[in-house]
Amino acid sequence: MPGSFRLFRIAGVDIEIHWSWLLVFVFLTWSLAAGLFQEEFEGWTQTERWVAASATSIVFFGSILAHELAHSVVANRLGIPVRRITLFVFGGVSHLESDSRTPREEFLIAIAGPATSFAIAALLGALWVILSPIREPAAVAAAYLAVANGVIGVFNLIPGFPLDGGRVLRAILWGVTNGLVRATRLASWVGTIVAYGLMALGIAVMLLTGEILSGAWFILIGWFLRNAAESSYQQVLTRHLLASVPARSLLDRSYQWVDPYMTLQTLLDEHVLRRGARYFAVSGGTGLGGVITLKDVQRFPKTSWPSATVLQAMTPVERLMVISPAVTLDEALQLMTRHNVNQLPVVENDVLLGFVTRTDIMRTVRLRVELGAVEK
Ligand SMILES: [Zn+2]
């Protein structure tokens with residue numbers, strides 16, 4: 001996620017924080033220090049309240065992290081690698097490197113998060129019972145965190161995809177109907193309804209109680225969920241459509257070869273601007289020497305374009321990410337995303353067959369959707 005930074009690493013998973021999470025942290029600490037703890041502990045100094053509030057926020061942060069780690073650990077156990085967790089304003093995301101292969105896997109990965117939140121809620125609830133006669137401040141914090149974890153567990157179990165509950169619903173529908181795309185469509189549809197429900201609730205809260213901030217929060221979460229439901233469905237649909245199509249069938253063979261000693265200025269004037277191409281094969285000693293793209297040229301300062309050569313700016317064949325014609329378009333698209341490129345050279349027996357481009361892949365997805373090659 002852009003705007004995130006890495007905090008630390010647990011169990012082989014990088015824990016990242018998006019800047020928006022810091023807002024949550026500050027807001028939560030502030031609302032505890034100036035709200036709950038102010039009411040509960042009138043005798044406390046300002047400093048004591050803020051220290052206690054920060055400590056509580058850190059434990060809250062730990063509970064969200066534990067929820068996400070539960071998803072990640074189960075996924076890793078099932079052979080689906082997770083290398084990153086990002087915490088952001090609406091909670092956390094575990095970045096699974098591939099999708100679940102069976103409804104059972106999907107179910108187990110999805111349920112692990114809420115189950116962990118409920119387990120933490122139960123532990124903190126027990127702690128509250130034990131602590132309440134002894135140390136009151138810790139007891140208040142434990143009770144607050146127990147409720148917060150319970151709420152997180154319940155909220156995530158709302159059956160709208162891509163919330164955990166939506167994933168559970170999708171796993172069940174997938175298991176019953178044996179159709180992943182249809183199951184995802186139904187679960188996303190429920191997700192969209194839930195999202196509009198949350199937005200309506202937000203408006204009602206604003207109008208009936210005058211709590212503008214809480215109302216706005218519901219509307220924001222609803223809006224986020226609506227977008228997530230739509231885009232996750234599109235993603236599943238796209239991947240499903242592309243998983244059976246090999247790169248071979250979508251080769252762009254109309255690419256041009258350019259000379260490595262051509263200047264960047266000539267490349268731009270003669271090839272890019274005149275013919276509208278954005279990437280070129282660069283000839284080498286016996287075949288492909290490398291690939292040069294518009295992005296490579298843009299990395300060079302404008303003033304050097306008349307003198308710098310294609311050879312200097314291109315990605316040489318040794319460092320080039322290439323694929324074989326049998327690789328599926330789904331895998332190709334994932335590689336493009338991971339390496340942040342818009343096309344991949346397709347090579348067989350050291351011979352360049354052509355390129356697969358992001359634009360062509362998206363076009364074929366649209367066409368296949370239009371032709372109704374979707375239902376499964
Ligand atoms: Zn979750």
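**Figure 1. Lining of the second largest pocket, by residue class.** The lining of the second largest pocket comprises 10 nonpolar, nine polar and eight charged residues (Ala, Val, Leu, Ile, Met, Phe, Trp, Tyr, Cys and Pro count as nonpolar, Asp, Glu, Lys and Arg as charged, and the others, Gly among them, as polar). The model is predicted: local features need pLDDT of at least 70 and side-chain atom pairs count only at pLDDT 80 or more, while totals for chains, interfaces and linings use all residues. Residues are numbered from 1 along each chain as its sequence is written, and side-chain values use heavy atoms, with hydrogens and water left out. Of the 27 lining residues, Thr293, Lys295, Val341, Asn342 and Gln343 lie nearest the centre of the pocket. A pocket is an open set of points on a 1 Å grid over the protein atoms alone, where a 1.4 Å probe fits, with protein on both sides within 12 Å along at least five of seven lines; lining residues have an atom within 4 Å of a point. The volume is about 620 Å³, taken as the space filled by probe spheres set on the points, which are joined across faces, edges and corners.

**Figure 2. Secondary structure around the second largest pocket.** At least two lining residues come from each of β7 (288-293), α9 (294-298), β9 (343-348) and α12 (358-370). The most, four residues, come from α9. Helices (H or I, at least four residues) and strands (E, at least two) are DSSP runs, numbered from the N terminus.

**Figure 3. The loop residue Asn340.** Asn340 is in the loop between α11 (329-339) and β9. Its phi is near 55°, a positive value in a residue other than glycine. Asn340 counts as exposed because its relative accessibility is 56% (buried means under 20% relative accessible area, exposed over 50%, partly exposed in between; 1.4 Å probe, protein chains only).

**Figure 4. The zinc site.** His67 (NE2), His71 (NE2), Asp164 (OD) and Asp164 (OD) coordinate the zinc ion at 2.0 to 2.7 Å. His71 in helix α2 (residues 46-77) and Asp164 in helix α5 (residues 164-177) are 93 residues apart, a pair that links distant parts of the chain. Donors are N, O and S atoms within 2.8 Å of the metal (3.2 Å for Na, K and Ca); water is not among the atoms, so sites may look incomplete. Both His71, at 6% relative accessibility, and Asp164, at 8%, count as buried.

**Figure 5. Phe8 in strand β1.** Phe8 lies in strand β1 (residues 4-10) and is partly exposed, with a relative accessible area of 31%.
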